[in-house]
Amino acid sequence: MSLQLPDGMRMAVAITLDFDAHSPWMGTMNTTSPSALSRGDFGVEVGVPRLLELFRRLDIRTTWPTPGHDLVTFPAAIESVLAHGHEIAAHGAYHENIRALSPERERELMELQLSQHEKIVGKRPRGYRSPAWDFTDSTLGILEEAGFDWDSSLMGREFEPYHPRPVEVRYEQASTFGEPSRILEIPVSWFLDDLIAVEYLPGVSAGMGDHRAMFQRFRDVFTYAYQRVPGAVYTLTVHPQSIGRAHHIAAFEELLTHMRGMSGLWWPTLSDVYDAWTDE
């Protein structure tokens, strides 16, 4: 199993942007406070244009996992993302708490978000990222039923895509595993995510972290992959309403410019990664 890189490339750098505008506040944080929602408005009105201009200048294509609610609420922003050549992936219906859903409700919300993608994007998404990177025992099977090619929510590897297996947890004896899914998992990591590190989330994070320390960590992980992991897929996750702030996007540009100066880097969407992967 390996990534079939384009000629002359040594690793992939996949930049992903969880385009959570109003949804994380409504869903995960369970609030419709105008103050909270205005943070999503900033992501749409300020963060997205800043990011699209940055990616245009650096010639980088990216993947934007987006909840269905934000697709239908902000279609002009989605049109702009698509017009710049980026990919839209699924990311829940309204950034719902996956673990609180029955299998029936999880399927209903999957069907809803897929219909919203078809309405706004014009086609079904090839990939999925779960809200808050969480799964139920039913999620993997639902993704298979829905016809997804890839998922990017789990953390069973660091730089290598893989096929996740369902697990039956047994507390007093060995847990058991099912057969590997046909879904290709492109793994994520909380260490390569901006929101929890530097954003203030009432009741979740104690305060705003040092953004320079966060970007140094992003760079350290990249350097390890570049120097020691042939064929690595480095997947970075950022959020327009956080990374789009002035001090964050300035440091983000420094990081991307540093990477852009390295030889042998391929900058794919996550669907490009799927297309380049072979299980042989």
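Student: Before we dig in, what does "buried" mean here?
Tutor: Buried means under 20% relative accessible area. Keep in mind that this is a predicted model.

Student: Ok, so is Phe55 buried or exposed?
Tutor: Phe55 has 1% relative accessibility, so it counts as buried.

Student: Which ring does Phe55 pair with, and how are the planes set?
Tutor: First, some background: a search of the whole structure turns up nine aromatic pairs. One of them is Phe19 with Trp64, an edge-to-face pair at 5.9 Å centre to centre with 75° between the planes. For Phe55, the partner is Phe252: the centres are 6.3 Å apart and the planes sit at 85°, so this pair is edge-to-face.

Student: Where do Phe55 and Phe252 sit in the fold?
Tutor: Phe55 is in helix H2 (residues 34-58) and Phe252 is in helix H10 (residues 246-260), so their pair ties together parts 197 residues apart in sequence.

Student: And Phe252, buried or exposed?
Tutor: Buried, because its relative accessible area is 0%.

Student: Which strand does S3 pair with, and in what sense?
Tutor: S3 pairs with strand S4 (residues 87-90), in the parallel sense, over four bridges. Within that pairing, Thr63 stands opposite Glu87 in S4.

Student: New topic: charges over rings. What lies over the face of Tyr226?
Tutor: Arg10 does, at 4.0 Å from the ring centre. Another case is Arg245, which lies over the face of Phe42 at 3.6 Å from the ring centre.

Student: Where's Trp190 in the fold?
Tutor: Trp190 is in the loop between strand S9 (184-185) and helix H7 (195-198).

Student: Why does Trp190 count as partly exposed?
Tutor: Its relative accessibility is 40%, so Trp190 gets the partly exposed label. That label covers values between the 20% cut-off for buried and the 50% cut-off for exposed.

Key: Residues numbered from 1 in each chain as written. Predicted model: local features only at pLDDT ≥ 70, side-chain atom pairs only at ≥ 80, totals over all residues. Heavy atoms only, no water. Helix = DSSP H or I, 4+ residues; strand = E, 2+ residues; numbered from the N terminus. Buried < 20%, exposed > 50% of the residue type's maximum accessible area, 1.4 Å probe, protein only. Phe/Tyr/Trp six-rings, centres within 6.5 Å; stacked < 30°, edge-to-face > 60°. Lys NZ or Arg CZ within 6 Å of the ring centre and 35° of its normal. Pairing = 2+ DSSP bridges.
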